[in-house]
Amino acid sequence: MTDMIDVLIVGGGGAGLRAAVAVAETDPALKVAVVSKVYPMRSHTVSAEGGAAAVIGLGDTLDEHCYDTISGGDWLCDQDAVEAFVAEAPRELIQLEHWGCPWSRERDGRVAVRPFGGMKKMRTWYAADKTGFHLLHTLFQTTLKYQDIIRYDEWYVTKLVVDDGRVHGVVAVEIRTGRVETIPARTVVLATGGCGRAFPFTTNAAIKTGDGMALAYREGAPLKDMEFVQYHPTGLPFTGILITEAARAEGGWLINKDGYRYLQDYDLGTPTPEPTLRSMELGPRDRLSQAFVHEQRRGRTADTPYGPVVYLDLRHLGEEKIEHRIPFVRELCRSYQNLDPVSDLIPVRPVVHYMMGGVHTDLDGATTVAGLYAAGETACVSINGANRLGSNSLPEILVFGRRAGIAAAEFARSHREAEPAAVHSQGEDERRRLARAREGGGNGGRIADLREEMQHTLEGAAGIYRSGDVLAKAADTLAGLRERAEEARVEDGSTTFNTELINLLELHAMLEVAQTIVACALNRRESRGAHQRTDHTDRDDAAYLAHSLVHRAPDGTPSVGLLPVTITRWAPGERVYGRD
Amino acid sequence: MTREMTGGMTGDTRADAYRPRRDRLWFTRSRGYTVFVLRELTSVFVAWSIVFLLMLVDAVLGGSLPEFAALAARPWMIALNVVALAATVFHAVTFLNLAPKATVVRLDGRRVPAWMIQGGNHTAWALVSLLIAYVVLRS
Amino acid sequence: MTDSAETPVIRMEVARYRPGEDAEPVFQAYDVPLMDDWAVLDGLTHIKDRLDGSLSFRWSCRMGVCGSCGMTVNGEARLTCGTFLTEYAPGPVRIEPLKGFPVIRDLVVDIDDFLAKLSSVRPWLVREGEEPPLTAEYAQTPEQLEAYKQYSMCINCLLCYSACPVYVLDPDFLGPAAIALAQRYNLDSRDMDDRFDVLNLEDAVWGCTFVGECTKVCPKHVDPAEAIQRYKVSAALRSVLPWSRR
Ligand SMILES: Cc1cc2nc3c(=O)[nH]c(=O)nc-3n(C[C@H](O)[C@H](O)[C@H](O)COP(=O)(O)OP(=O)(O)OC[C@H]3O[C@@H](n4cnc5c(N)ncnc54)[C@H](O)[C@@H]3O)c2cc1C
Ligand code: SF4
Ligand code: FES
């Protein structure tokens with residue numbers, strides 16, 4: 001088979017598109033395809049607001065970026081991965097600039113940088129407060145230059161074809177027609193993003209349903225550090241829409257219902273009128289979200305129909321600065337919350353934002369399945385450890401998207417054998433399964449009901465604070481939900497643009513992922529970064545300076561083990577914010 | 001752009017897509033469209049004004065000015081020209097108001113706001129009109 | 001979830017088109033709670049989740065940036081995630097797919113034509129010569145950034161195409177967003193192309209009769225009408241002064 005796809009990328013977000021260009025540039029003779037369940041420029045990367053971190057001089061050093069990342073991740077990051085990431089991030093952002101990304105600029109024409117949470121130096125590049133939007137559109141438009149990149153737009157991947165420990169392609173459904181196709185490929189790169197939609201309140205777009213994690217996990221590739229779920233401290237209460245950290249970096253304050261800058265009570269430094277790096281509002285996200293819970297317990301949050309909130313105060317910044325630096329924040333507040341940050345306080349609450357965990361990979365994105373790679377939010381390399389720093393994720397999807405693309409290209413070049421017979425038979429099985437799901441239309445509960453139950457179970461058990469007994473109960477609830485989801489009702493029997501069927505498949509993926517989150521959280525009897533146990537309140541390096549690695553047992557249940565963390569130069573220490 | 005379309009099956013639903021009929025009354029569907037069509041229609045009157053002007057020139061050169069004056073003094077002719085004047089003014093005003101779309105002027109790195117360009121255009125227009133009126137009416 | 005005794009409801013009349021079943025779109029009415037902070041999109045997801053799982057529409061970010069959720073709301077092209085339901089109280093409110101595009105199903109339209117047009121205008125930075133090493137950025141002052149910034153804000157939502165009578169009557173017209181994006185690169189100080197071959201055509205900038213509706217409906221203030229008129233001026237100048245490349 002000569003026209004078999006060499007590198008098939010699942011996902012058209014930042015990671016997927018970067019991988020695609022990397023393959024096209026490495027070897028134009030290779031056949032590369034991007035499969036995406038939405039048109040690539042609709043991918044979730046488009047929502048990222050604040051910026052992308054990379055060292056560009058100004059008295060900054062690579063080591064400092066490494067240190068901020070590692071301490072921010074509560075020493076759970078693999079330090080070799082962090083070093084590679086930090087070293088390659090600048091060239092990736094410059095590459096984006098060379099492709100036309102409209103980065104914000106200094107007077108003299110250099111790229112401008114802004115402060116960001118948990119970062120000791122100013123190193124966050126930004127394009128006003130639509131960084132992800134500009135990054136994704138620049139990348140997407142650049143890929144149009146490579147006419148040979150095949151695109152499967154609005155195709156949903158339902159299964160990886162794996163035989164004998166090696167990937168051979170995917171099975172996907174063309175949403176427009178309902179046609180199920182087996183797409184054989186020498187290598188597959190998963191770049192499907194995170195799974196925030198498994199939680200009820202999230203900044204994540206509707207498409208973030210953990211598909212790639214579930215796809216890999218079902219085929220035997222382990223997931224890593226799934227218990228680390230990042231809550232962003234400032235989401236709008238009803239929609240969960242994110243108010244970017246850039247709002248605080250530009251000088252915004254977090255205040256409780258009494259107008260008090262409460263972060264000073266939680267070992268995050270003392271208030272200054274101007275923002276201080278790594279202090280107060282510019283502390284790391286896990287600590288800020290935890291402080292909110294304490295404020296709530298003290299009765300110092302305000303009540304709204306959508307739960308307790310604190311306020312983000314931008315009024316003192318003035319209209320000019322708000323318009324110039326964070327115009328999107330103003331636009332979002334006006335159109336979605338009916339208020340103007342120039343004159344009003346913005347009600348905010350912590351909201352699920354990012355998955356530190358994901359498919360376990362090495363520095364080149366390789367998983368334990370030969371030929372299968374993962375990059376971006378769906379992967380866990382890991383550079384984010386127990387808590388990701390804001391603005392590290394955009395450079396991460398570029399650095400590791402490229403690395404995975406190059407590694408996959410290399411693999412495809414050296415593995416030219418024909419596809420095994422299993423490809424066809426697995427494809428046929430999957431086709432029948434999908435037809436049953438659509439036509440059979442179980443008579444169980446509504447998809448939306450099951451989804452909501454899962455979301456609330458997860459929030460109750462795997463939220464900002466967790467405890468062993470609640471987690472154990474949640475594990476049972478989720479197992480029950482999984483069975484019920486098999487019988488979920490599908491009202492739409494059509495083959496044309498059947499989004500209900502897609503919603504069902506996404507629900508299955510999220511349930512699978514939810515189980516791993518709970519299992520990992522249950523197994524980690526310590527508190528670290530974004531994982532805080534009320535029954536094990538201290539960090540325990542002796543037992544848990546290690547990644548959680550979760551496999552799917554033959555009976556479908558998660559089984560969790562530990563994997564040592566790679567330490568190169570930074571011995572585990574205390575995380576200090578606001579007092580150095 | 002290469003979009004994968006292997007297999008013959010894709011064609012089926014593509015043909016199944018619903019293609020609305022051309023809407024011949026599109027300009028009645030929204031106020032914006034109607035105003036647009038009206039603006040376009042005023043060009044007819046602009047054209048008439050030019051024809052009228054040419055007739056005048058012809059009358060002057062051919063020495064038939066009295067006949068022309070008689071024609072122009074007829075009530076229906078006056079009515080037509082009043083309407084034409086209104087339409088031409090409407091056309092000119094909307095045209096000048098749209099002008100900033102095509103002329104982006106920057107001063108000192110800042111974009112000159114639309115109202116200034118529009119104001120400038122209208123002022124220039126008024127000045128030219130005054131000048132012509134002065135030349136014509138002087139005698 | 002909804003207490004019908006207390007919450008007011010609003011009737012949503014939603015266009016349904018199921019190929020094979022409907023010869024042309026028909027309206028189906030649903031009553032949804034009229035909540036203060038619900039967008040039209042929240043009404044639609046309520047229908048899908050609670051009333052009728054078979055309704056199909058696209059959405060993703062629900063924050064006005066992914067460009068998926070454009071539809072015709074009471075005759076006007078809107079981003080449904082950014083349009084409050086209360087704007088249409090007491091109802092009924094009509095939801096139809098974007099006009100001007102073939103309808104695949106219910107509220108989902110075929111936008112492949114736009115993607116082909118977008119590719120045709122070379123929406124990438126065109127440079128001559130070798131790319132410099134990845135150690136330094138190309139310099140660009142804030143003023144130079146400002147010169148094209150507005151056109152780079154397009155989210156490809158296609159409301160402008162839907163509102164453009166020229167496009168609706170002549171699907172070959174290159175259309176507002178594609179031209180605005182071409183201008184986004186033309187006016188970028190780092191770009192070295194002027195895309196004259198694809199823009200100076202009867203079906204490109206000269207097809208525009210300047211109705212101006214595209215600019216009115218654009219949710220991101222891209223002002224595609226302006227982009228087109230400006231290119232007409234550049235193209236005219238270039239034709240008169242053939243040596244004047246940008
Ligand atoms: C509101 C918000 C703001 C953020 N701001 C910042 C910031 O300022 N700085 C920063 O560094 N990070 C930020 N992040 C995080 C960052 O945006 C994401 O982590 C990153 O964009 C993920 O990119 P990705 O390429 O991995 O995935 P995505 O962009 O999510 O793309 C996933 C792709 O996979 C496809 N896909 C998924 N499942 C399937 C399937 N089954 N079949 C086919 N295709 C599939 C989708 O269609 C999509 O194309 C933010 C995140 C959010 C939610
Ligand atoms: S120009 Fe405006 S209306 Fe048109 S696609 Fe872009 S954002 Fe949408
Ligand atoms: S859902 Fe993304 S723009 Fe409306």
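The contact, meaning heavy atoms within 4.5 Å, takes 68 residues from chain A and 68 residues from chain C. This is a predicted model: local features need pLDDT of at least 70, side-chain atom pairs count only at pLDDT 80 or more, and totals for chains, interfaces and linings use all residues. Residues are numbered from 1 along each chain as its sequence is written, chains are lettered from A and ligands numbered from 1 in the order written, and side-chain values use heavy atoms, with hydrogens and water left out.

How much area do chain A and chain C bury between them? About 5700 Å², with 51% of it on carbon and sulfur atoms. Buried area is the accessible area (1.4 Å probe) that two parts lose on being put together, summed over both.

The rule finds ten salt bridges across the interface of chain A and chain C. That rule asks for a side-chain nitrogen of Lys or Arg within 4 Å of a carboxyl oxygen of Asp or Glu. C:D110 and A:R176 meet through their side chains in a salt bridge, at 3.1 Å, N to O.

Which elements give two or more residues to the side of chain A that touches chain C? They are α3 (79–98), α4 (131–143), α9 (327–337), α12 (447–462) and α14 (499–523) of chain A. Helices here are DSSP runs (H or I, at least four residues), numbered from the N terminus. The most comes from α4(A), with six residues.
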